[in-house]
Amino acid sequence: MKEFCSSIIPNEVIELPELKMADVHLSIKREDKIHPFISGNKYRKLKYNLLEAYEKKQSTLLTFGGAFSNHIAAVAQAGELGNFKTIGIIRGEELRVKIPQNPTLQFANEKGMQLIFITREEYRKKTENSFLENLKQEFGTFYIIPEGGTNELAVKGCEEILNEEDSKFDFITTCVGTGGTIAGLINSSSEKQQILGFPALEGAFLTKEICKFARKENWSLVHDYSFGGYAKINTSLIEFINMFYKTTKISLDPVYTGKMMYGILDLVNKGYFKKGTKILAIHTGGLQGIAGMNQKLKKKNLPLIHYDKKDL
């Protein structure tokens, strides 16, 4: 896959009153700047998977995702750039007629992805052999990328997020979806660093998933900032994201990075970090999903999320 960035992604220092008061130093690694749609951890996860697909002479990528999936958008864009045919198995049969109203699905469709809509019951069977065999009979051979993109090759890509200059930080923080990004960060971190993960969804299964790939034990998950589960938000989170954007000019998405940053600053206010602590937060991208979330918020007469449209 074409390289979209240099090997070194800049870290941006965040200056906020609560950080100064607590004597805690926070920087953000701007992985969201890699590419508008193949940004952050999506680029990292896809990099070696696409190289593997090339080596195996596979011309079709097949993957899975929901209505506003960053992963679906990234695979569709990567497929177009890499001359792959792409197939997206989408959770929710009712979405079939909603493509024009859904920014993510519309984007994927425009990039040439063949969208296959199935029921949620069918979707739960997506890893079963019989389900996959039916897909092979329908579409022929393909290179499969799991939902969210996490596998061994994805973790390998995420291990490249940190560089030597990042060894000065005491804490590395990341949002957590399927566990691949945090596993890569754990593996490439130094022994003296602590890795904090902020899950975007609830459930104890994440620890087991992370342990499949992580080779160190210098990590923990903070489960207090999921805001009720995946893609669930409230006005407090929206107001925080908008305040953060106004103050720093850094866009955050409401599903992942917004929750992580809310959690970090709440922990700072609660005295979780000792004075002088240096934190590096990983911005994993995902900004393409804001437009879809704002559609939902508008229907509910809730405040909209502010972001820099030049980031997309």
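Predicted model: local features only at pLDDT ≥ 70, side-chain atom pairs only at ≥ 80, totals over all residues.

Colleague: Fine. Where do I start with the inside: which residues have the most contacts in the largest nonpolar core?

Modeller: A nonpolar core is a set of buried nonpolar residues joined through their side chains. Here the largest one has 38 residues, and Leu26, Phe244, Met261 and Ile264 have the most contacts inside it.

Colleague: And which elements give two or more residues to this core?

Modeller: Among them are strands S2, S7, S8 and S10, along with helices H10, H11 and H12. H11 gives the most, with six residues.

Colleague: Let's zoom in on Met261. What does Met261 touch?

Modeller: Leaving aside residues up to four places away in sequence, Met261 touches Leu26, Ile28, Phe240, Phe244, Leu252 and Ala281. There's also a second, separate core, this one of 25 residues, including Ile72, Val75, Phe117 and Ile145.

Colleague: What does the side chain of Asn242 reach?

Modeller: The backbone nitrogen of His306, at 2.6 Å. Beyond four places away in sequence, Asn242 touches Leu304, Ile305 and His306.

Colleague: On to helix pairs. How do H3 and H4 cross?

Modeller: With a helix pair, look at the distance between the axes, then at the angle, then at the handedness. The axes of H3 (residues 70–82) and H4 (residues 103–110) come within 9 Å and cross at roughly 15°. Angles under 35 degrees count as roughly parallel, so H3 is roughly parallel to H4. Their crossing is left-handed.

Colleague: Which residues in H3 and H4 meet?

Modeller: From H3, Ile72, Ala73, Ala76 and Gln77; from H4, Thr104, Phe107 and Ala108.

Colleague: And at what angle do H2 and H3 pack?

Modeller: About 45°, with the axes of H2 (residues 41–55) and H3 11 Å apart. H2 and H3 are therefore oblique to each other, and H2 passes H3 in a right-handed crossing.

Colleague: What should I click on to see the contact between H2 and H3?

Modeller: Pick Lys42, Leu46, Leu50 and Tyr54 in H2, which meet Asn70, His71, Ala74, Val75, Ala78 and Gly82 in H3. While you're there, recall that Val75 also belongs to the second core.

Methods: Residues numbered from 1 in each chain as written. Heavy atoms only, no water. Core = buried A, V, L, I, M, F, W, Y, C linked by side-chain atoms within 4.5 Å. Buried < 20%, exposed > 50% of the residue type's maximum accessible area, 1.4 Å probe, protein only. Helix = DSSP H or I, 4+ residues; strand = E, 2+ residues; numbered from the N terminus. Contact = heavy atoms within 4.5 Å. Polar contact = N/O pair within 3.5 Å; in protein donor to acceptor, adjacent residues only side chain to side chain. Axes fitted to C-alpha atoms, helices over the stretch in contact; angles between N-to-C directions. Parallel < 35°, antiparallel > 145°, perpendicular 65-115°, else oblique. Left-handed = near helix turned anticlockwise from the far one by under 90°.
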